[in-house]
Amino acid sequence: MSPVNDHYIKSKGLHLNYSIITDMVETGATVLDLGCGDGTLMKMLKDKGVFVSGIDISEDNIVKCLEKGLPVIQGDIDEGLHEYPEKSYDYVILNQTLQSTEKPDYVIKEMLRVGKKIVVSFPNFAYWRVRFYLLFNGKMPKSKILPFEWFNTPNIHLLTIKDFYEFARDNDFKIESKLSMTKAKIRKSLFHRIFDNLFTEEVIFLCTKI
Amino acid sequence: MNYVETKYFKINEPISLESGRELKNVEVAYETYGELNKDCDNAILLLHALTGDAHAAGYHEGDKKPGWWDDMVGSGKAFDTDKYFVICSNMLGGCKGTTGPNSINPDTGKEYGLTFPVITIEDVVRVQKKLIDFLGVKKLTVAGGSMGGMQALEWALAYPDMVSHVIVIASTPRLSAQSIAFNAVGRNAILSDPNFNNGDYYHGEKPEKGLAIARMVGHITYLCEEAMHEKFARRFQDKDSPNFNFDIDFEVESYLAHQGQTFVDRFDANSYLYITKAVDYFDIAKKYGSLEKAFENTKSKYLVISFSSDWLFPSSQSKELVNALMRNKKDVSYCEIQSPCGHDAFLLEYETQTKIIRSFLCLQ
């Protein structure tokens, strides 16, 4: 499920992303990680004293999680989380995966049902380099975070920060906090806050149901 | 692995059974592979399926075929005998060395036959526990496929402090009506064999036809449509046209006949009756009120594996088990292996299973 490529996994960006999310979650909380990949984030959370459980579609990732001693269930998050009762986890996390789900609206709805809080992160398609790539090259943008060709990309539902705000408004959920990152650094300057959608490479949202 | 041999353990005290009856002089046939460590916590108990035995791995002297799970048990394999002390015993009610209906009843000096008490998975596990204590094991992993998975679950629920890891493969917390129905057909075939003689056939003709039919039905449920088509399609056996009589025409008929015939040479019809009944009765949801309640006090780590084409113990039943564990916030992992082999996959798809099981056990 995890669409990020090896290059990106090794990059600082993802590690920063992992530690930001780990900082967001308090010790003793329960976390369900959707599209948990090789379990790196889950491991960091577990080491902090968080109860973790992951879902991933790939057998290889199941093996990698098991090797780290992490509980993981093979499943397709696009099919929903029917078997998970309402508000059964403190946090449901969808890290760098929203853009590759088939039904992102349904996935978020299910996350909001099962989790008291949800954490969603994705690459911002309105980042200026992405815009410039399309504008000057006239081709589908590629970058460290979006390394795929148009025909083989798992990122089938790319979106922007602005899109996500609109989506939250239309679907009645509240954005509690947002962290913007560019080039593996958290960006908080006034300039950045004004031109957020233009200068943010990736973003992490913490949301709750209204 | 070198030659192995089956050992025997006598239980001195009588065993109380779930039915309220008692069994005296119970003997258990078992094999072990690898060494028990100083802390006595590196044991893995393998639990065999319906017609298995204690001989899980290695070769008996003079045998050409290794034990039933040899692909999975040994140095560097899924159940690594360099690291673990692996134990496998024949189940209570079986006919491969452990006390069962073909054993001599000490009170009468005759085979039990149908006077053998009806046993349950709980009873089977109680007897295994005696063996585990006798071997000095303090902590263990339990692992089994099909009916073996049921025993693994029973172990985890009955002895939560002793069981560190539970591996449940192609199994279920309870049989569906459909699976009970197939077992009923098998039992009926045995019971209606003219040689059955109310289970008292040990000194005369055996109910071979009934037992063979039971096995044929069983074999159909262990495969699946795709596997059967792959194996036999509609091919005729050793010819190109039909016989126009009721002899064996098709390859699939010949296969089933062969499976039935080889089975009667190695299995006791009474054991088949008792063991299928134990499987039918197994229902932890009923016993504990609900599946969720059943797992409230379990402390083990669980690994559940199912196979995509298994319709006898389908993935949906494994998922039911996983969901109950998950709702209790237990440490549970689940994998559905893509396989065209039906229920039999748990004995065949050893490469993927090895990868998954080894990684599950690696931090132990």
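Predicted model: local features only at pLDDT ≥ 70, side-chain atom pairs only at ≥ 80, totals over all residues.
In chain A, helix H3 covers residues 40-47, and its buried residues are A:Leu41, A:Met42 and A:Leu45. Viewed down the axis of H3(A), these buried residues fall within an arc of 100°, so they line one face of the helix. After H3(A) comes A:Gly49, which has a positive phi, near 95°.

The next topic is the contact between the two chains. Chain A takes part with 15 residues, which are in contact with 17 residues of chain B. On the side of chain A that touches chain B, strand S2 (51-56), helix H4 (59-67) and strand S3 (72-74) each supply at least two residues. H4(A) gives the largest share of that side, with 5 residues. By residue class, the side of chain A that touches chain B consists of 8 nonpolar, 4 polar and 3 charged residues.

Chain B is itself divided by the domain assignment into domain 1 (7-176 + 283-361) and domain 2 (179-276). The C-alpha centres of domain 1 and domain 2 of chain B are 25 Å apart. Their contact involves 24 residues from domain 1 of chain B and 19 residues from domain 2 of chain B. On the side of domain 1 of chain B that touches domain 2 of chain B, 12 residues are nonpolar, 10 polar and 2 charged.

Terms used
Residues numbered from 1 in each chain as written. Chains lettered and ligands numbered in written order. Domains from an automatic or database assignment. Contact = placed C-beta atoms within 7 Å. Nonpolar A, V, L, I, M, F, W, Y, C, P; charged D, E, K, R; others polar. Buried ≥ 20, exposed ≤ 12 C-beta atoms within 10 Å, placed from the backbone. Helix = DSSP H or I, 4+ residues; strand = E, 2+ residues; numbered from the N terminus. Arc of directions from axis to C-beta.
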